[in-house]
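Trainee: Could you go through this structure with me, taking the helix packing and then the salt bridges?
Mentor: Gladly, let us have it on the screen.

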Amino acid sequence: MPVQCTMDLHFCYQFLVLLLLIIEVKGSQVICYADFITAMLIRAIGQRLQVADIQSLKLLGAGQFLKISENFQSGDVAALVYLWNPLTIITCLGCSTSPLENLMIVLSLYGACMRLVPLAAFGWVIASHLSLYPVILVIPLVLLIGCGLDTPPQKLFLQQTHGDDHKETSESLNPRIFSWRRAVLFFLWATAWAFYVLVLCGLSLKEYSGLGEMFKRTYGFILSVEDLSPNIGVLWYFFAEVFDFFRDFFLIVFHINILFMVLPLAVRLHHRPCFLAFVYIAISSVLKSYPSVGDSALYLGLLGLFVNALADMQFSFFLFSGYLGTLLLSPVMHNLWIWRGTGNANFYFATAMAYACFQIILVVESVSSMLKHDRALKQDTTTVAKKLQ
């Protein structure tokens, strides 16, 4: 264990050095490097997921699913989808800071997949510091660190026991056992990184208002939705129209809506923590106060990691056409309303509503397809078990 801890620290040190070198680059080159590193990390995550998936399918004897998983490199697909996504390119050209946030999120997922606890904690703390919403990713990160990568439901492995080989087979299949030690270590590292970040922020803001003012102008600004400038979200229009008397009530409703979805999804998808992280990121990008196209670029890239399991997802062409149509109409409606004055806010808000609806449909259909995939895998393994008997 001391050797493993030394390797983790050495890896974190190398990454911090690389991060400092990137920060020294000026302008949009920082964003380009961040996107490139994010794509490479997504590819590495995909490779790890594919290896784990192949091992699980071999243990279950699911030959039909095994051939698909072996012949299709989901990690390469996900990295290419992220790099060549028009939303990623637009974000890069606009010199937005979203790629830096995306890099930290993917870095935390990569560290959790590799079980590099300090790296996972570092990425999660920095991502939460930049945007607040990645805080909910603590559940999939802890599941990844404690249990391991995505696998089929554990009850499928327990079915692969026959006759006198019941005990031996159960042990060889190695059921997922949650490692509380790694989970506690993650929270300790996260506490250390958070303390370090707050100390640095306190020192840099010592001559100004201090940490209290920083929290008010960052997290407070996100939660209070003070800026009602038009964006691709839906909260700006809603809070521009709602009465001030009900404003605090609806602020609580919208923000707590994300938390209401966290626990049920975690219970249902606890055996697939990487997919759970994708769902959390997609939901937060729909309901966050100030969304950007960079948020959508991230979860669309992560969606490519599960291209094998989601091959039979319904409404794929409909969703593709909807995304394309809303993204093309959004700047047109914004131009008609803001610059030409020939339209009104409803023109642009209609495209924002349609965009939010398509994102919700994507989340619902992807979760439904993953559950159908698990059910199909259960039927296949049950058939194999009956033949062996």
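Trainee: At roughly what angle do the axes of α8 and α11 cross?
Mentor: In this predicted model, the axes of helix α8, residues 138-147, and helix α11, residues 180-204, cross at roughly 135° and come within 8 Å of each other. That angle makes α8 oblique to α11, because angles over 145 degrees would be needed to count as roughly antiparallel.

Trainee: And is the crossing of α8 and α11 left-handed or right-handed?
Mentor: The crossing in which α8 passes α11 is right-handed.

Trainee: Which residues meet there?
Mentor: From α8 the contact takes in Val 138, Leu 141, Val 142 and Ile 145, and these meet Arg 182, Ala 183, Phe 186 and Phe 187 of α11.

Trainee: Switching to salt bridges, how many does the structure hold?
Mentor: There are five salt bridges in the structure. One of them pairs Arg 43 with Asp 76, where the closest N and O atoms are 2.7 Å apart. Arg 43 sits in helix α2, residues 29-60, and Asp 76 in helix α4, residues 74-83, so this pair, 33 residues apart, links distant parts of the chain.

Trainee: What about Glu 101 and Lys 288, are they buried or exposed?
Mentor: Both Glu 101 and Lys 288 are buried, and their side chains meet in a salt bridge with an N to O distance of 4.0 Å. Glu 101 lies in helix α6, residues 98-113, whereas Lys 288 lies in the loop between α16 and α17, so the pair ties together parts that are 187 residues apart in sequence.

Trainee: Where does Arg 272 sit, and where is Asp 374?
Mentor: Arg 272 is in the loop between α15 and α16, while Asp 374 belongs to helix α19, residues 345-388, and the two are 102 residues apart. Their side chains form a salt bridge at 2.8 Å, N to O, and both Arg 272 and Asp 374 are buried.

Conventions. Residues are numbered from 1 along each chain as its sequence is written. This is a predicted model: local features need pLDDT of at least 70, side-chain atom pairs count only at pLDDT 80 or more; totals for chains, interfaces and linings use all residues. Side-chain values use heavy atoms; hydrogens and water are left out. Axes are lines fitted to C-alpha atoms, for helices over the stretch in contact, and angles run from 0 to 180 degrees between N-to-C directions. Helices (H or I, at least four residues) and strands (E, at least two) are DSSP runs, numbered from the N terminus. Angles under 35 degrees count as roughly parallel, over 145 as roughly antiparallel, 65 to 115 as roughly perpendicular and the rest as oblique. A crossing is left-handed if the near helix is turned anticlockwise from the far one by less than a right angle, and right-handed if clockwise. Contact means heavy atoms within 4.5 Å. Buried means under 20% relative accessible area, exposed over 50%, partly exposed in between (1.4 Å probe, protein chains only).
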